[in-house]
Every structure is written in C-alpha cells, then in structure tokens.
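Here are my notes for you, written as numbered points. Keep the model open and click along as you read.

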Amino acid sequence: MLALIQRVTEARVTIDGETVGAIGPGLLALVGVEPGDGDAQVARMAERLLGYRVFADDQGRMNLGLADTGGGLLLVSQFTLAADTRSGMRPGFSTAEAPDLAEPVFNRLLATCRQKHAPGVETGRFGAHMVISLVNDGPVTFLLRA
C-alpha cells in the first residue's frame, strides 16, 4: 500500500461539480492499493497517516502528527500510484490491485482512520472521476509505504 501525503491548508474532492469531501488544515492522502495488501498494511498505513510527524511544533520543527494537531484527513483512492513506470512511455497497471479487490482494502483503511481520528476523515468516491483541489502547505509532500 502506498500513500502520497500532502500537508494542506485545505483540500476538497468534487465529482460532477459536487463537493463530496473537504477538509481545512490537515493531510490529503492519495492511496494506492497493491496486490497482497490486507489487514497488516491497513493497520500500518492508518498508524502512519495519523502519526507521521509533518506538522510544526512550537519551535518550527516537524514533530507533530495529524493526531496531535486534530487536523482533517482527506483519503482519496488513486490506483495510478501503484503503476509500473520503470520502462516505456506508458504506465502499466499490473502492479496495482484489481478494483474489485482494492475497494474493500481501501474501505477498511477509511473505516480504521475514522475510528481512530475523531476530528474527521473525508473521502472521495472509489472508481469515480474526481477533481482534487488543494492548497499545499510548505510544500510538504511524502510518499509512505506500508
């Protein structure tokens, strides 16, 4: 499982012009599910998303995680993160989990994060064409693996 996380001052997902998920300050996480991902990867990724220290403390150092700040989390499924881009000029998707197997894994990640992060977790719609708007804060962007 992969997650490209971005510290944001705000982010939103729209589908057909309708906002389906939005947060203020917090993290936008674009999540790719790979073959073989299961409960262990879900637990580890949830832990990393909520605890990865990308927010400044009183001294301006990245010492605080999302759970410390109470910010929002916007989880968006993005199978293209798991694409094979090592050769050629077109991505291959054999390294991404099939949608019918990836969706339940993504939904478990969403449910786990919602259970552990009371300030709120928003999402888009699995498999939909989504438009993501964000204001990257820093910019601060990391690729996490679980």
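1. A word on what you're looking at. This is a predicted model, where local features need pLDDT of at least 70, side-chain atom pairs count only at pLDDT 80 or more, and totals for chains, interfaces and linings use all residues. Residues are numbered from 1 along each chain as its sequence is written, and side-chain values use heavy atoms, with hydrogens and water left out.

2. Next, burial. Call a residue buried under 20% relative accessible area, exposed over 50%, and partly exposed in between (1.4 Å probe, protein chains only). By that rule, 41% of the 146 residues in the protein chain are buried.

3. Take a look at Ala3, which sits in strand β1 (residues 2–15). Its relative accessible area is 0%, so Ala3 is buried. What does Ala3 touch, leaving aside its neighbours within four places in sequence? Counting contact as heavy atoms within 4.5 Å, its partners include Leu30, Met45 and Phe142.

4. Now for charges. Side chains of opposite charge can pair when their charged atoms come close. A salt bridge here is a side-chain nitrogen of Lys or Arg within 4 Å of a carboxyl oxygen of Asp or Glu, and the whole structure has 6 of them.

5. One of these joins Arg7 and Asp137, at 3.3 Å from N to O. The two are 130 residues apart, with Arg7 in strand β1 and Asp137 in strand β8 (residues 131–145). Arg7 is buried at 13% relative accessible area, while Asp137 is partly exposed at 30%.

6. Glu34 and Arg145 make another salt bridge, 3.5 Å from N to O. This pair spans 111 residues, from the loop between β3 (26–32) and α1 to strand β8. Glu34 counts as buried, with 18% relative accessibility.

7. Arg48 is buried yet has no salt bridge, and the nearest side chain of opposite charge, Glu47, is 6.7 Å away.

Terms used. Lys, Arg positive; Asp, Glu negative; His and termini not counted. Helix = DSSP H or I, 4+ residues; strand = E, 2+ residues; numbered from the N terminus.
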